[in-house]
Amino acid sequence: MGDRPAPRSGPVPNVADPALAARLAFYSDGDAGVLAPRGWHCVGISGSSGAALIVTPERRSATDVLHREHQYRGPGVQIVYHFGGTSGRFAVAKTIARVFPDHMSFARRVADNAALDGIEFALPSGPYPDDVLRRVSAREVEFATPAGRTGLGTEDSMFAADMPISGIVTIEPEEDMNVLQLTHKLAPEDADLAPEIARNFRQWGGRAQAPNERSR
C-alpha cells in the first residue's frame with residue numbers, strides 16, 4: 001500500500017530505573033511498539049500475513065526487511081506478528097509445531113488444507129535442536145538461540161551471528177491463533193537492557209499503546 005509517515009508522538013512507557021531509562025527509547029510505527037537502545041532506528045512493515053517492527057543501530061529500508069538477502073547480522077530488536085486467520089497461518093503453524101504442542105490440531109489443519117490446495121508445506125517435527133526454551137505459561141515461551149546457530153531467533157529478519165539471540169513468543173488462541181514474537185540480539189554492553197525490554201513487551205503486548213490507554 002506504499003509508505004506512510006512516521007507517528008509524530010505517542011505515549012512513552014515508564015522505566016523505573018533512571019539509569020536504564022537514559023539508555024532506552026520507545027520505538028513505534030503507530031501500531032507496534034518496543035523498547036530498544038536509545039539512538040537506534042526503526043522501520044515497520046505490514047501486510048495480509050502480519051506485521052513487523054525492526055529496530056537496529058543503522059537505518060534500514062522496507063526493502064532490507066522484505067528481502068531475505070538483506071537480513072541483518074548485527075544487534076537488533078524486533079517484534080513480529082503472524083496472523084493465523086490469513087496467509088500468516090503457515091508461520092503460525094510452524095511456530096505451534098515448534099513450541100506450542102497444545103495447539104497442534106490447528107497446525108495439522110493448516111498442513112492438510114495446504115495439501116488439498118496443492119501447496120507444498122511441511123510442519124517441523126519439534127523445537128530447533130540448539131534452542132533453549134523455557135515455558136512460562138501455556139501461551140508464552142522464552143527462547144534463546146546460541147551464537148552462530150539457527151533457531152527461533154534467526155527467523156524473519158535476523159541471521160545467525162556471533163552473538164546469542166533471545167526473546168519471547170506468545171500465542172493468542174482466542175484470536176485466530178495469532179502469534180507474536182519479540183526477538184532481541186544485544187551487544188554485551190547492552191545485555192542488561194534485555195529484562196526491561198521484555199517487561200515492556202509483556203506489559204504492552206508489543207503495541208504502541210499500553211492496554212489501559214487503548215481502552216479509553
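Student: Hi! Which ring does the charged end of arginine 98 sit over?
Tutor: In this predicted model, the charged end of arginine 98 sits over the ring of tyrosine 128, and the distance to the ring's centre is 3.6 Å.

Student: Thanks! What about the sheet, in what order do its strands come?
Tutor: The order is S3-S4-S5-S9-S8-S7-S6, seven strands in an open sheet with antiparallel pairing.

Student: Which strands stand at the edges?
Tutor: Those are strand S3 (41–46) and strand S6 (132–137). Each has a single partner strand, so one side of each is left without a neighbour in the sheet.

Student: And how does the twist average out from one strand to the next?
Tutor: The twist averages 10° per step between strands.

Student: Let's zoom in. How many bridges join S7 to S8?
Tutor: Six bridges connect strand S7 (residues 140–145) with strand S8 (residues 165–172), and the two run antiparallel. One of the pairings to look for is valine 141 with its bridge partner in S8, valine 169.

Student: Which strands does helix H5 lie across?
Tutor: Helix H5 (residues 194–204) lies across S5 (76–82), S6, S7, S8 and S9 (178–185). Relative to S9, the helix runs at about 165°.

Student: New topic: how many aromatic pairs are there?
Tutor: There are two aromatic pairs in the structure. Among them is phenylalanine 26 with tryptophan 204, an edge-to-face pair at 5.0 Å centre to centre, with 65° between the planes.

Student: Where in the chain are phenylalanine 26 and tryptophan 204?
Tutor: Phenylalanine 26 is in strand S1 (residues 24–28) and tryptophan 204 is in helix H5, so to speak distant parts of the chain, 178 residues apart.

Student: Is phenylalanine 26 buried or exposed?
Tutor: Phenylalanine 26 is buried, and tryptophan 204 is buried too.

Technical notes. Residues are numbered from 1 along each chain as its sequence is written. This is a predicted model: local features need pLDDT of at least 70, side-chain atom pairs count only at pLDDT 80 or more; totals for chains, interfaces and linings use all residues. Side-chain values use heavy atoms; hydrogens and water are left out. Two strands pair if DSSP finds at least two bridges between them. Helices (H or I, at least four residues) and strands (E, at least two) are DSSP runs, numbered from the N terminus. Axes are lines fitted to C-alpha atoms, for helices over the stretch in contact, and angles run from 0 to 180 degrees between N-to-C directions. Contact means heavy atoms within 4.5 Å. Rings of Phe, Tyr and Trp (its six-membered ring) pair if their centres lie within 6.5 Å; planes under 30 degrees apart count as stacked, over 60 as edge-to-face and the rest as tilted. Buried means under 20% relative accessible area, exposed over 50%, partly exposed in between (1.4 Å probe, protein chains only). A charge sits over a ring if NZ of Lys or CZ of Arg is within 6 Å of the ring centre and within 35 degrees of the ring normal.
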